[in-house]
Amino acid sequence: MSKTIFNAPNLLKAYLDCRATKRHTINAIKFEVDLENKLANMQEHLTTRNYKPGRSICFVVSEPKPREIFATEFSDRVIHHLLINQIESIWEKRGFIEDTYACRPGKGNHFGVKRVAVLAKKFWWYGQFDIGNFFASINKPILFEIFKKKILEQTRPPWWQEEVCYLAKIIIFNNPTRNYFYKGDPNLKKLVPLGKSLFDQNEDTGMPIGNLTSQFLANVYLSELDHYVKDDLGCVGYARYVDDFLIFSNSKEEIIAWRNKIRLFLLERLKLKLHPRKQQIQICRHGIPFVGYFIKPWGVTVRRNVVKTLKNQMYRFNKEITALPLFGKTIAEKAQGSLNSYFGHLGQAKTRNLRRHLLEEHMANEFKKYLKISGDWHHLKCKHKKPDPTSLGQNPKGRD
């Protein structure tokens with residue numbers, strides 16, 4: 001067998017990783033019905049360099065704020081996993097710093113909160129900054145230059161480097177606005193602020209929100225910022241979640257000086273701009289709003305907007321199950337996954353009484369036929385739910 005990353009075992013693994021969280025979707029089922037032929041065709045297109053990304057589904061979500069999402073076809077998701085499986089360990093070992101938390105195995109927002117809580121105890125001041133229109137402003141040629149440089153530094157065979165760069169280039173420079181269909185209320189498109197839509201950008205600018213590769217490549221892009229702050233500026237206290245980052249110091253003047261240098265670096269190196277309004281410099285004991293929590297040196301609480309969003313979600317599920325009692329089990333299973341993600345978030349802070357109040361006072365009685373509450377009010381469980389005997393395992397990385 002010729003040497004290639006586009007071999008059957010790699011494609012099968014990528015497929016299994018992809019379907020771990022998409023097993024019961026229509027597109028995943030269609031793909032699985034004709035799995036052998038689908039993977040064979042995929043392999044042929046890749047090895048002959050004829051792979052072209054398919055049509056995306058474009059839609060707009062309104063909470064917590066309006067965002068434009070491009071969801072790729074299932075087959076393209078498999079190829080995204082194929083690429084990430086080849087390169088993730090490279091950046092995890094010798095690329096990403098410890099204190100960047102988004103979309104990394106074992107280093108999500110809960111890990112980040114614990115790290116920031118430690119920094120809040122060590123330093124007197126913090127500065128919080130945000131990059132304006134981040135995903136829509138990513139410069140594709142610069143991103144590919146950063147990516148390719150790292151790949152060519154690896155002690156890997158030339159054929160491996162060529163295939164990885166080939167696949168990354170196609171994914172990075174793909175423009176989903178050329179081949180898509182819109183799903184949902186067209187009026188929601190008007191809610192997306194000017195400059196945040198890919199339709200507002202030129203060919204060389206912008207990455208779609210919603211793809212696994214976009215999340216990973218965003219970290220690759222901003223790893224330049226991470227290393228500049230840590231290595232060049234010598235900032236010991238630093239933390240980043242996507243485009244929201246914190247710098248810590250015992251001197252307010254030092255944070256101001258660092259911010260000014262960071263602004264120039266982002267503009268000159270990455271063609272990015274700091275958001276003019278989403279920045280603040282405060283004393284740590286006043287509290288740090290970060291990834292849905294409010295972090296103080298002596299404890300962590302949940303932000304009010306998270307609780308408000310959870311209550312609204314519970315209200316919608318209550319309304320749905322009351323109006324459609326015949327579909328109660330299906331609605332309950334859907335509500336379980338959604339609500340448990342919120343209660344997992346709440347569980348990272350001292351919120352036992354709040355969780356109990358929400359489950360006792362804000363959950364409709366109809367749910368009790370299908371769901372039960374854990375003893376510590378931490379999450380919901382399905383009653384009499386049998387394990388899926390056909391499951392080939394869960395996704396260890398927690399990604400789509």
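Which crossing does H7 make as it passes H8, left-handed or right-handed? I opened the notebook with that and found that H7 passes H8 in a right-handed crossing. By the rule I used, a crossing is left-handed if the near helix is turned anticlockwise from the far one by less than a right angle, and right-handed if clockwise.

**Entry: ground rules**

I noted that this is a predicted model, in which local features need pLDDT of at least 70 and side-chain atom pairs count only at pLDDT 80 or more, while totals for chains, interfaces and linings use all residues. Residues are numbered from 1 along each chain as its sequence is written, and side-chain values use heavy atoms, with hydrogens and water left out. Helices (H or I, at least four residues) and strands (E, at least two) are DSSP runs, numbered from the N terminus.

**Entry: confidence**

I looked up pLDDT, the predictor's confidence in each residue, from 0 to 100. The protein averages 88, and 95% of the residues score at least 70. Over residues 387-400 pLDDT stays under 50, and the model has 26 contacts beyond four places in sequence for them. Where pLDDT is low, the predicted coordinates should not be read in detail.

**Entry: H7 with H8**

I went back to H7 (residues 140-153) and helix H8 (residues 158-173). Their axes are 10 Å apart and the packing angle is about 165°. Axes are lines fitted to C-alpha atoms, for helices over the stretch in contact, and angles run from 0 to 180 degrees between N-to-C directions. H7 and H8 are therefore roughly antiparallel to each other (under 35 degrees counts as roughly parallel, over 145 as roughly antiparallel, 65 to 115 as roughly perpendicular and the rest as oblique). Contact (heavy atoms within 4.5 Å) involves residues including Phe144 and Phe147 of H7 and Val164 and Ala168 of H8. I sorted the residues of this contact by class: twelve nonpolar, one polar and three charged. Ala, Val, Leu, Ile, Met, Phe, Trp, Tyr, Cys and Pro count as nonpolar, Asp, Glu, Lys and Arg as charged, and the others, Gly among them, as polar.

**Entry: H4 with H7**

I checked helix H4 (residues 74-94) next; its axis and that of H7 come within 11 Å and cross at roughly 90°. H4 and H7 are therefore roughly perpendicular to each other. Ile87, Ile90, Trp91 and Arg94 of H4 meet Phe147, Lys150 and Ile151 of H7. This contact has five nonpolar, no polar and two charged residues.

**Entry: two sheets**

I then read the strands, which pair if DSSP finds at least two bridges between them. Five bridges join E5 to strand E6 (residues 244-249), and Tyr241 has Asp244 in E6 as its bridge partner.

The other open sheet I read has three strands, in the order E8-E9-E10, also with antiparallel pairing. Its twist averages 25° from one strand to the next. E8 and strand E9 (residues 293-296) share three bridges, and Pro289 stands opposite Phe294 in E9.
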